Amino acid sequence: MIGIKSIASYVPSAGLDNYAQGAKFGKDDAFILGKIGSAFLPRKDDDQETSDLCVEAVKNLFANNPQLNPDSIDALIVVTQNGDEEGLPHTSAIVQSKLGLPTTIAAFDISLGCSGYVYGLYAMKGFMEAAGLKNGLLITADPYSKIVDPEDRNTTMLFGDAATATWMGEDPAWVLGKSKFGTDGSGAPHLKVSDGTFFMNGRQVFNFALIKVPAHLQELLGDSNLQPSDIDAFCIHQGSAAIVDAVARRFDEEQPEKFVKDMVETGNTVSSSIALLLEKHMFDSSWNRVAISGFGVGLSWGSAIIERRG
């Protein structure tokens, strides 16, 4: 059975003071913390590429798991829509080379944004089980600092750079349960890149999340024969404090605190946001069953139940 064994991350120490950014656009501290949810936005160095963020996350994963031998890795997936240079070759190939992983490795990218971690978990699990592989690395890295316009008040206060590395293999700490996915390409114009610059229609994205995500989670619980009370925590994409709070209230007015919110020092890290939550809160907690949900560019969404192995 392939599942999650360990998660590590890399978050650049340099970054932007979001209160200062807010002041620039006439937004007070209450707005920055209450609506945006991020006081600090990490930024990669100018000379760092997406693959460099990936490599740092994997190095931290190896450091935390000395029993994991780089030579034993036989699958590598990188979830990104902002790969090295102009996106060719695939970032996973560059990561393989920089880490010195075996050339017998299967390595490929998944071009998804904020839903990408959920998709990546199940893509890796299915690929590994079908091919009989033992150890896989699922990496997320989507540095939006490469595409965000610092003068765009709708995006520059939201996004932080980060990368995560998830070790997937046999005898996991957490197993993957039921999942559900969705795509609506008619919403593509609401989140896109044109001429190298990111554009987001914030109101449309907020409405999409508020309508789609609570209903999707309810459907997932129904398919799993579970009630909200059976879930210890909901770790959804950290798009903004306002989105997490609104989804939580729409889903369950009585227990919105089950929706974990933790983006003060990271911002919206796109495909890395759910993995960052799991790394920080899941392994050392009393949680036994967690619901995850990612949603964004595409429009695309994916939700799943993961459970601690008994």
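Reader: What covers the buried residues of helix 7?
Author: This is a predicted model, in which local features need pLDDT of at least 70, side-chain atom pairs count only at pLDDT 80 or more, and totals for chains, interfaces and linings use all residues. Residues are numbered from 1 along each chain as its sequence is written, and side-chain values use heavy atoms, with hydrogens and water left out. Helices (H or I, at least four residues) and strands (E, at least two) are DSSP runs numbered from the N terminus. By contact (heavy atoms within 4.5 Å), the cover of helix 7 includes helix 2, helix 6, strand 11 and strand 12.

Reader: How many residues of helix 7 are buried?
Author: Buried means under 20% relative accessible area, exposed over 50% and partly exposed in between (1.4 Å probe, protein chains only). The buried ones in helix 7 include Ala241, Val244 and Phe251. Of the eleven residues in helix 7, the number buried is eight.

Reader: Is valine 270 buried or exposed?
Author: Valine 270 sits in the loop between helix 7 and helix 8 (273–281). Its phi is near 60°, a positive value in a residue other than glycine. Because its relative accessibility is 0%, valine 270 counts as buried.

Reader: Is asparagine 225 buried or exposed?
Author: Asparagine 225 is in the loop between helix 6 and strand 11, and its phi, near 55°, is positive in a residue other than glycine. Because its relative accessibility is 71%, asparagine 225 counts as exposed.

Reader: How are helix 3 and helix 4 placed to each other?
Author: For helix 3 (residues 50–64) and helix 4 (residues 91–99), the axes come within 9 Å and cross at roughly 50°. Angles under 35 degrees count as roughly parallel, over 145 as roughly antiparallel, 65 to 115 as roughly perpendicular and the rest as oblique. The two helices are therefore oblique.

Reader: What is omega of the cis peptide bond between glycine 298 and leucine 299?
Author: Leucine 299 belongs to the loop between strand 12 and strand 13. For the bond from glycine 298, omega is about -5°.

Reader: How many Å apart are glycine 169 and glycine 3 in space?
Author: Glycine 169 lies in strand 7 (residues 163–169) and, at 0% relative accessibility, counts as buried. Beyond its neighbours within four places in sequence, its contacts include Met1, Gly3 and Met128. Glycine 169 and glycine 3 are 166 residues apart in sequence, and their C-alpha to C-alpha separation is 5.7 Å.

Notes: Axes are lines fitted to C-alpha atoms, for helices over the stretch in contact, and angles run from 0 to 180 degrees between N-to-C directions.
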